[in-house]
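Have the sequence and the 3D view handy while you read.

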Number of protein chains: 2
Amino acid sequence: MPGEFDLIRRCFQTPTSHTVLGVGDDGAVFAPRPGMQLVVSTDMLVAGRHFLPDADPGLLGWKTAAVNVSDMAAMGAEPRWITLALALPEIDLPWVEAFSRGFRACCEGFGIDWVGGDTTRGPLNLCPTIFGEVPAGQAIRRDGARHGDDIWISGWPGMAALGLAHLRDALELVGEWSACCVERLHRPMPRVALGVSLRGVASAMLDVSDGLLGDLAHILERSDAGALLDESALPLAPLLAACRRTESATSALLSGGDDYELLFCAPREARGQIEALARHIELPLHRIGRILDKPGLWMQRGSGVTEAIAPRGFDHFA
Amino acid sequence: MPGEFDLIRRCFQTPTSHTVLGVGDDGAVFAPRPGMQLVVSTDMLVAGRHFLPDADPGLLGWKTAAVNVSDMAAMGAEPRWITLALALPEIDLPWVEAFSRGFRACCEGFGIDWVGGDTTRGPLNLCPTIFGEVPAGQAIRRDGARHGDDIWISGWPGMAALGLAHLRDALELVGEWSACCVERLHRPMPRVALGVSLRGVASAMLDVSDGLLGDLAHILERSDAGALLDESALPLAPLLAACRRTESATSALLSGGDDYELLFCAPREARGQIEALARHIELPLHRIGRILDKPGLWMQRGSGVTEAIAPRGFDHFA
């Protein structure tokens, strides 16, 4: 059975392309390019809470990196370096190798150097920390939404939640949609190209990890603003096609968080630019509402009626 | 009972002094000063393995930060920013507040901005990631030891191991020494001033976390070298005074790891400079051996006999 140092050598030492010193010393050494600031984010994923203990290790490796890459996208940053600390209940070499392959595939796909980490024994726990670069002063924060700004969401949020419900036998999906939704759950695709393109355009942004409404509430709170959503503009069509139940589709769209789509605000004048961007990067961007100067969250129903709604976020201790 | 976001607000949002954007967004934003490279290290501490589940939370908070600060010292870097991801089995607010106070005290003591993190529910797990600065090209690595270099160790390694043995009732310590050794175990003092002062002086360095011999073996392996230690030069006196047993004292000194002293190599010509430094920072520095150009580890006994010895490191999966 290999020990800690063998494990590191076999699974965690990977070539780097823009790093002074990688795995194997007391610390990794690198530097952002001139004029760039660093953006840093850390996540902790726990077995039984963020993933099933019997999750496919390759997919889990991808997702562990991808959720962190998504945080970079949400700041308008380009992901560049990553570390991974992990606790393993035992050394299951095939598991670790498969996990490491998945993690590395995501890093390589986004041009990220895997520069270090820590390995110990303990209940399965995965803690990546990612480092991105953004030109000085151009990070897209949560607190910049302004009255009148449009609210946009990328892609098709809710599909991952449908995939999860399907895996749990809580919902039957139609034909090939099940594979599609499960793939979204297992292999989220961080919206890095979109995030970077929105520098200087978006007034506020985050990635939807706790559900669209719950995450929108974070923007509203930090921007000291409210929002009116337009029910008819919500991108419900593929969800309806997948599950044929309006209530499930709506709930997945508004409260599902595992898609890692970007939710952002932008002034009205940027509409043309954003629509052109959507075509350029071949990713649908939906304008679903607008920012108000009074606190609160409202939904304009199809009927024309406007109702106050409660954000339904996901509290890890609820 | 407070939720995740309340908890972050109450315990984890602290003022920063050299950070563009701290806790509360998708990522923290900061930049190293011109001419500086970043040094990054991450650690994972698991209950029952790295600390007792009933450990005092304030001391645990200090130690969680300190072991990471020590990695910066070991690279010759100045610690500047830190993140903390943690999994908690439940929200025990007094525990979290005490932990957070201890963590923050260490950060403040070393001028570190606490810039972000992640909080989730799960088996108790603490994962700090630290960021330091070093002038470009001056990080002190493990692979630079050269034939003829002196081997140095700071302070009094082994006291923390004696403290642990005492707490476990495996060893009785003499009078006031018990408090002193237990304090070393609970509140390690990273050798940042020493590490930074050794830039351009030390040829190789690391902090002793796995035991002096085990960690020396890492330097030897990475530097493709061997070492001869001088038994009579080992700083055994206070350990002997504390436990009065030569075998326990020697074992603590050579295999105990929780003191976070710095082990470094330097050319013979630097002796005067290093001795002056020891006086200046009021920290004893012991010259305990020298680097050889043939692989292996030997001990020159007091009797004059030279014996090959085996490194006794600590493998987290052994």
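Here is a walk through the contacts inside one chain and then between the two chains.

First, some ground rules: this is a predicted model, where local features need pLDDT of at least 70 and side-chain atom pairs count only at pLDDT 80 or more, while totals for chains, interfaces and linings use all residues. Residues are numbered from 1 along each chain as its sequence is written, chains are lettered from A and ligands numbered from 1 in the order in which they are written, and side-chain values use heavy atoms, with hydrogens and water left out.

**Inside chain A**

Chain A splits into domain 1 (35–135) and domain 2 (150–308); these bounds come from an automatic or database domain assignment. The C-alpha centres of the two domains are 24 Å apart. Where they touch, 18 residues of domain 1 are in contact with 17 residues of domain 2 (contact means heavy atoms within 4.5 Å). Together the two domains of chain A bury about 1,500 Å², with 65% of it on carbon and sulfur atoms. Buried area here is the accessible area (1.4 Å probe) that two parts lose on being put together, summed over both.

Which three residues supply more than any others of the area that domain 1 buries against domain 2? They are Leu59(A), Trp62(A) and Lys63(A), with 33% of that area. Lys63(A) also forms a salt bridge with Asp258(A), the closest N and O atoms being 3.5 Å apart. A salt bridge is a side-chain nitrogen of Lys or Arg within 4 Å of a carboxyl oxygen of Asp or Glu. The count between the two domains of chain A is 1 salt bridge.

As for secondary structure, α2 (57–74) of chain A is one of the elements giving two or more residues to the side of domain 1 that touches domain 2, and α2(A) gives the most, with 10 residues. Helices (H or I, at least four residues) and strands (E, at least two) are DSSP runs, numbered from the N terminus.

**Between the chains**

How do the copies relate? Chain B can be laid on chain A with an RMSD of 0.0 Å by a turn of 180° and a shift of 0.0 Å along the axis, so the two copies are related as by a two-fold rotation axis. The superposition is by least squares on the C-alpha atoms of residues with pLDDT of at least 70 in both. Also, 100% of the interface residues of chain B are interface residues in chain A too, so the copies meet through the same surface.

At this interface, 64 residues of chain B are in contact with 64 residues of chain A. The chains bury about 5,200 Å² between them, 59% of it on carbon and sulfur atoms. The count of salt bridges between chain B and chain A is 4, and the table shows two that cross between chains.

| Salt bridge | N to O distance |
|---|---|
| Arg142(A) and Asp25(B) | 3.7 Å |
| Asp25(A) and Arg142(B) | 3.7 Å |

Strand β2 (residues 36–42) of chain B gives the most to the side of chain B that touches chain A, with 7 residues. By class, that side of chain B has 31 nonpolar, 17 polar and 16 charged residues. Ala, Val, Leu, Ile, Met, Phe, Trp, Tyr, Cys and Pro count as nonpolar, Asp, Glu, Lys and Arg as charged, and the others, Gly among them, as polar.
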